[in-house]
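Here are a few exercises to work through with the model open beside you. Try each task before you read its solution.

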Amino acid sequence: MGVTDVLIVGAGPTGLVLACDLARRGAAVRIVDRSPVPPRTSRAKGPNARSLEILDDLGVAEEVLAAGSVPLPMLKYRDRLPVAETDPWADSAPSPDAPYDRGRLIAQWRLEEILRDRLAGYGVRVELGREVTGLAEGPGGRHVDVAFAEGRTERARYVVGCDGAHSSVRKLLGIGFEGTTAEDQVMVCGDVDLADGALDRTRWHQWFDEDGAVMLCPIPRTRTGWWFQAGPERDGRGRPLAPTADGFRRLLARHTALPGRALTRAELLSTYRVNVRMADRFRAGRAFLAGDAAHVHAVAGGLGMNTGIQDAFNLGWKLGLVLAGRAGPELLDTYEEERLPVAARTLDLTSERLRATLEAIRRPGGGLDAAITPDTTGLGVGYRWSSLARRHAEARQAGDGSPEAPDAEVRTARDGERPAPRPGDRAPDAPCVDAATGARTRLHRVFAGPRTTVLGFGPGSAAVLREVAAAYGDAGVRTCRVYAAHEDRAESGPGEAVVDDEGHAAAAYGRGASDGTSTGTGTSTSTGTVVVVRPDHHLGLSAPAADARSVHAYLHRLHGAARSAERFSGIGGRRR
């Protein structure tokens with residue numbers, strides 16, 4: 001019986017992102033889904049800003065942007081009359097460190113189609129109509145035997161359940177899914193067609209009345225398609241009725257100025273109840289949970305699909321390094337260590353945003369914009385508590401590093417600069433120039449792909465970058481020297497190099513434009529700084545260039561032993 005490296009169960013956005021990430025790493029990955037055909041539901045309205053960065057790394061962001069639309073202004077009505085219009089993103093704009101300042105509207109089926117095409121480029125196709133019915137750990141705990149409904153049993157080194165809130169994988173593993181269901185918070189949903197020209201398709205229309213609500217958002221790249229959400233019809237005892245096309249027409253006529261016949265098609269109808277639940281663990285031996293299989297929460301803020309995509313991006317590189325033999329299996333423990341607290345925080349955030357939204361819509365002019373805050377972009381999510389977030393001083397004391405305490409003092413940059421990002425934080429982006437070609441690029445382009453990146457700021461970082469390239473250049477680590485505009489680049493070392501011509505990289509990483517400033521005598525007033533960026537764009541370590549040993553210790557944690565330990569300096573830069 002052949003052995004697959006990773007079997008992914010569930011081919012929604014979470015499973016597809018994980019499959020793409022693993023496939024580009026050369027892992028033998030398979031992805032199965034119980035559905036006999038790819039779903040055509042729109043469901044989630046699209047990736048947020050952080051998910052767009054991930055999709056960019058996977059090479060599909062441009063296609064997603066072309067297939068979707070920007071978030072639309074919200075037109076709010078009361079008693080069928082417009083009373084307010086709000087653009088939640090009116091004061092937002094891209095910045096050098098975050099070129100995606102907002103998400104994108106795109107039908108979920110179209111996003112999945114783009115990801116499936118990307119995955120097919122690696123020679124992997126979704127296996128449809130395959131339902132997992134059993135999981136059993138193999139002899140010695142070296143693999144998992146997976147039973148399917150058609151009677152076959154197949155073997156995988158790891159299994160990841162990305163199969164939604166009713167996850168078969170989670171149930172087969174016996175993992176609890178504690179939480180609450182708000183039976184009184186009910187919404188009916190579906191994809192509908194409205195008569196051509198019935199409503200302005202440049203607005204998200206929201207009718208909130210005392211006795212119910214209807215929300216209609218145009219589905220991008222369709223002529224007459226809309227997302228329909230509404231409070232349900234109820235029977236004489238106040239119980240919600242199941243959604244039907246005729247029911248949608250009655251709701252439309254009751255709350256809007258449109259006649260029911262303006263709704264010409266309704267399909268993919270569903271009833272949504274607010275569930276707030278989380279798995280009590282995200283791992284059981286060689287099996288993992290991600291996305292809705294691990295956590296579900298209120299729809300407010302649009303974080304469901306996005307949290308799953310970000311789960312996948314956290315897990316993918318860790319599985320890749322372990323499968324390649326470059327990291328020990330203990331690295332996989334950090335998936336739950338990092339993502340379970342994020343999921344718990346997301347449950348709290350979305351519940352709070354739901355409360356704020358329900359309060360807002362009681363007043364004329366209130367709407368779904370109450371659910372949108374900077375937290376819902378995903379750009380602020382980090383892992384400062386993680387054992388993979390290392391401060392160089394602690395790394396020296398512990399020998400191989402230690403996690404930053406939650407209440408550790410915040411290191412800040414010089415006066416007049418933004419605070420320096422801390423280990424665990426999202427690595428900022430920054431526009432710069434490719435030193436070799438002179439073409440415009442940005443740091444996230446440098447980070448793109450399945451590798452760890454070591455950035456060097458200041459002339460003193462050159463020696464460490466050379467050592468890293470020599471020891472880890474063939475083990476999934478790239479180096480990149482970040483030159484200030486005024487620096488001499490005559491002696492470029494191995495790896496990539498960019499010029500921080502406008503100072504945005506220095507500002508984003510809290511280094512300051514004076515780091516590495518020349519004294520005019522050819523010497524430097526600064527030793528420089530080395531920053532290790534994980535494959536998922538989070539800072540792992542920031543250390544003075546003189547502390548090469550901390551850099552070595554951190555890379556050893558992620559990528560195993562260096563080709564030659566003697567290539568690295570000792571503490572304070574002293575050679576052994």
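A contact here means heavy atoms within 4.5 Å. Keep in mind that this is a predicted model.

**Exercise 1.** What share of the contacts with a separation of 6 or more in the protein chain joins residues 24 or more positions apart?

*Solution.* Begin with the elements: the protein chain has 13 helices and 24 strands. Next, take the contacts with a separation of 6 or more; residues 24 or more positions apart account for 68% of them. Then turn to burial, where 55% of the 576 residues are buried. Finish with the accessible surface of about 23,500 Å², of which carbon and sulfur atoms hold 49%.

**Exercise 2.** Find the strands joined to strand 22 and say which way each pair runs, parallel or antiparallel.

*Solution.* Locate strand 22 at residues 496-500, where 4 of the 5 residues are buried.

**Exercise 3.** Why is helix 7 described as largely enclosed by the rest of the structure?

*Solution.* First trace helix 7 through residues 304-323, 20 residues in total. Its span from first to last C-alpha is 28 Å, close to the expected 28 Å. Now count burial, taking under 20% relative accessible area as the cut-off: 18 of the 20 residues are buried, so helix 7 is largely enclosed by the rest of the structure. Lastly, step just past helix 7 to Gly325, which has a positive phi of about 80°.

How values were computed:
Residues numbered from 1 in each chain as written. Predicted model: local features only at pLDDT ≥ 70, side-chain atom pairs only at ≥ 80, totals over all residues. Heavy atoms only, no water. Helix = DSSP H or I, 4+ residues; strand = E, 2+ residues; numbered from the N terminus. Buried < 20%, exposed > 50% of the residue type's maximum accessible area, 1.4 Å probe, protein only. Areas by Shrake-Rupley, 256 points an atom, 1.4 Å probe, with all protein chains shown as cover. Pairing = 2+ DSSP bridges. Expected span 1.5 Å × (residues − 1).
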